[in-house]
Amino acid sequence: MKGLVSIITPTYNSVEFIKETVHSIKQQTYTHWELILIDDGSTDATVTLIKKLAEEEPRISWEQLPQNSGPAIARNRGIKKANGDYLTFIDADDIWFPEFLKTSIHTIESTGCPFVFASYQRLDEKLQPLYPDFIVPEKVTYTDILKSNSISCLTAFVHIEKLGKKFMPEIRKRQDMGLWLQYLKEIEYALGIKQPLAIYRIRKNSLSRNKWALLKYQWDFYRKIEKLTFTQSVYYMANWFYRGLIKYKRS
């Protein structure tokens with residue numbers, strides 16, 4: 001059916017927040033969607049909860065992986081199962097505002113750009129302000145993303161009917177960045193939506209906030225996934241580190 005949006009959500013010990021995330025999806029003003037929940041070997045009550053959520057809502061399906069394999073493998077499993085014309089992602093502790101799907105589709109239809117992404121709020125676990133809203137650039141290219149990944153997994157929205165299905169590199173971190181770059185090798189740019197359309201819930205001790213801990217992952221990504229030269233990797237690493245400090249600066 002035309003216009004179907006496939007939403008991919010990996011879960012892992014997500015019982016505390018997943019119900020709120022699913023509620024934000026069910027509140028969308030655009031209602032032609034499917035939610036594919038892929039549980040990555042949870043050891044808490046997550047599977048019991050997502051099974052119940054799927055029983056209550058026919059647009060939700062779920063699957064449990066036999067063992068914990070990491071978010072890239074979980075998301076790729078969801079991508080394989082996706083039936084939609086559009087593809088988007090939301091993690092099991094984040095929230096969309098009601099107009100997210102509608103606004104993303106309208107932007108694609110009105111501009112002809114098959115890859116869009118939106119701004120978002122950055123709150124703590126209790127949904128209290130932690131950082132200023134992250135307002136995305138008007139557009140980003142392949143080299144822009146190498147310098148700073150301003151496309152969050154929370155708001156990336158791809159017209160896969162036009163661009164086709166692609167899969168994330170199966171690495172521990174930066175798998176979403178790897179997917180965006182695959183698309184940006186084929187199109188000139190992705191378009192940013194200035195309006196915040198989601199809430200990124202920043203958890204305590206989040207690895208993504210610790211730039212020092214991420215240095216090795218980022219370096220390996222440049223060298224092993226994107227196959228950049230040593231000089232290119234140094235250049236983009238310097239950009240990434242500096243821009244990351246600005247991105248998470250409190251005001």
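1. Let's start with Arg174, which sits in the loop between helix H6 (160–163) and helix H7 (175–184). Helices here are DSSP runs of H or I with at least four residues, strands are E runs of at least two, and both are numbered from the N terminus. The phi of Arg174 is near 75 degrees, a positive value in a residue other than glycine. Arg174 has 15% relative accessibility and counts as buried (under 20% relative accessible area; exposed is over 50%, partly exposed in between, with a 1.4 Å probe and protein chains only).

2. A quick word on the model: it is predicted, and local features need pLDDT of at least 70, side-chain atom pairs count only at pLDDT 80 or more, while totals for chains, interfaces and linings use all residues. Residues are numbered from 1 along each chain as its sequence is written, and side-chain values use heavy atoms, leaving out hydrogens and water.

3. Leu127 also has a positive phi without being glycine, near 65 degrees. You'll find Leu127 in the loop between strand E6 (115–123) and strand E7 (129–134), and its relative accessible area of 25% makes it partly exposed.

4. Now look at strand E1 (residues 5–11): seven of its seven residues are buried. One side carries Val5, Ile7, Thr9 and Thr11, the other Ser6, Ile8 and Pro10. In a regular strand, side chains alternate between the two faces of the sheet.

5. Who are E1's partners? E1 pairs in the parallel sense with strand E2 (residues 33–39) over seven bridges, and with strand E4 (residues 86–89) over four; pairing takes at least two DSSP bridges between two strands. Val5 stands opposite Trp33 in E2, and Ile8 opposite Phe89 in E4.
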